Amino acid sequence: MVQSVKLWSIGTAVPPYVIDQREAALASHEAFSSRFADFERLAKVFESSGIRQRYVVRPIDWYLRTTGWVERNNAYLEGASALFVSAASNALTLAGMTAADVDTIVTVSSTGIATPSLEARVSRQMGFRANVERVPVFGLGCAGGVSGLSIASRLAASRPGAVVLLLAVETCTLAFRMDKLTKANIVATALFGDGAAACVLSATGGGLAEVEMSGQYTWPDTLDIMGWSVDPEGFGVIFDRAIPPFAEANIRPALVSVLKRAGLTLEDIDRFACHPGGAKIIDALETALSLGQGTLNHERDVLSDYGNMSAPTALFVLDRLISAGLPRRTLLTAMGPGFTLSCVSLKAAA
């Protein structure tokens, strides 16, 4: 018999520095306007992004210096580790547990390199047991929070009674490149922020919601839509501006395909909870899913308050939905490198 996996809690965390979007626009103007002929046209994205502020792991002046791979990755190790501890501690406290109760840790992160991985680096500080199982996952990008929830739920189902802790931790802003004069990089400086979200799952007890099903859909020949390039200075963002029209044209049939395998239809979903990649992407999702304009209100609020934090962002949306009261069935979705759609269906606790 397949065990029913319950989501017990969500904990979130952001770094200590805040960048107002107007401040970010001024800094970007200082860095790029004299060197990039098309900057003024692209700079309109700072106003149209739907973002009010973002949280970052370094002060804004740090980003204006030309920094290399070593300095960027050291900032990742420090910033991501601190975010891990904060989000994990919050989630465990909300679940009424401690780090010693955790049997398996799934760590999703794609914005830096950590070997040993993040959960090993913070193990003593957190108080994890010596026999805890570690599952680090790299390369999922914006889909990482939803895909990580899927992975964590299946691990919890495989060992009834085990407690699985999921961490989605990203420091996207460390990829801001003052040396990289590309449209994608300038758009990224207007969209991305840093943050972390943690979930506690177990196939026992009540919890907030039941993980009902999960699935993915990868479109062929779409490797160039989103990802990283790598050079001596660090990661460089690959970010196709055609993502909103792609989502509008393709996400509905992909969702139909994923849901069909679970015996569900679009009409069975009471609330779509979507990764808010940007204001235009939210608009495209509402159009594609035949939702009224403004339906994805929590998505817009998270985007406004935090920007696009990549993997954790969808879990921030889910956290707000839980606070507002989950409907009977919620479908959590995100798109990321591959180009891949990831979904998890959650049924509200009775």
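Helix α1 (residues 21–32) and helix α9 (residues 183–191) pack at an angle of about 155 degrees, with their axes 9 Å apart, where axes are lines fitted to C-alpha atoms, for helices over the stretch in contact, and angles run from 0 to 180 degrees between N-to-C directions. Because angles over 145 degrees count as roughly antiparallel, α1 and α9 are described as roughly antiparallel to each other. The contact (heavy atoms within 4.5 Å) is made by Gln21, Ser28 and Phe32 of α1 together with Asn185, Ile186, Thr189 and Ala190 of α9. By class, this contact of α1 with α9 has three nonpolar, four polar and no charged residues.

This is a predicted model, in which local features need pLDDT of at least 70 and side-chain atom pairs count only at pLDDT 80 or more, while totals for chains, interfaces and linings use all residues. Residues are numbered from 1 along each chain as its sequence is written, and side-chain values use heavy atoms, with hydrogens and water left out.

Helix α12 (residues 297–306) is mostly covered, since seven of its ten residues are buried, which means under 20% relative accessible area with a 1.4 Å probe and protein chains only. The buried residues of α12 are His298, Glu299, Val302, Leu303, Ser304, Asp305 and Tyr306, and they pack against the elements in the table.

| Element packed against α12 | Residues |
|---|---|
| β3 | 53–56 |
| β11 | 271–274 |
| α11 | 279–288 |
| α13 | 313–324 |

Just after α12, Gly307 takes a positive phi of about 75 degrees.

Leaving aside residues up to four places away in sequence, Thr222 touches Phe246, Gly338 and Phe339.

A nonpolar core is a set of buried Ala, Val, Leu, Ile, Met, Phe, Trp, Tyr and Cys residues joined through side-chain atoms within 4.5 Å. The largest such core has 90 residues, of which Phe84, Met126, Phe128, Phe239, Leu255 and Met335 touch the most other members. Helix α5 (residues 69–94) gives the most to this core, with eleven residues. Phe128 touches, among others, Phe84, Val102, Ile105 and Leu165, not counting residues up to four places away in sequence. A second, separate core of 37 residues includes Val146, Leu149, Met309 and Leu346.

Terms used. Helices (H or I, at least four residues) and strands (E, at least two) are DSSP runs, numbered from the N terminus. Angles under 35 degrees count as roughly parallel, over 145 as roughly antiparallel, 65 to 115 as roughly perpendicular and the rest as oblique. Ala, Val, Leu, Ile, Met, Phe, Trp, Tyr, Cys and Pro count as nonpolar, Asp, Glu, Lys and Arg as charged, and the others, Gly among them, as polar. Buried means under 20% relative accessible area, exposed over 50%, partly exposed in between (1.4 Å probe, protein chains only).
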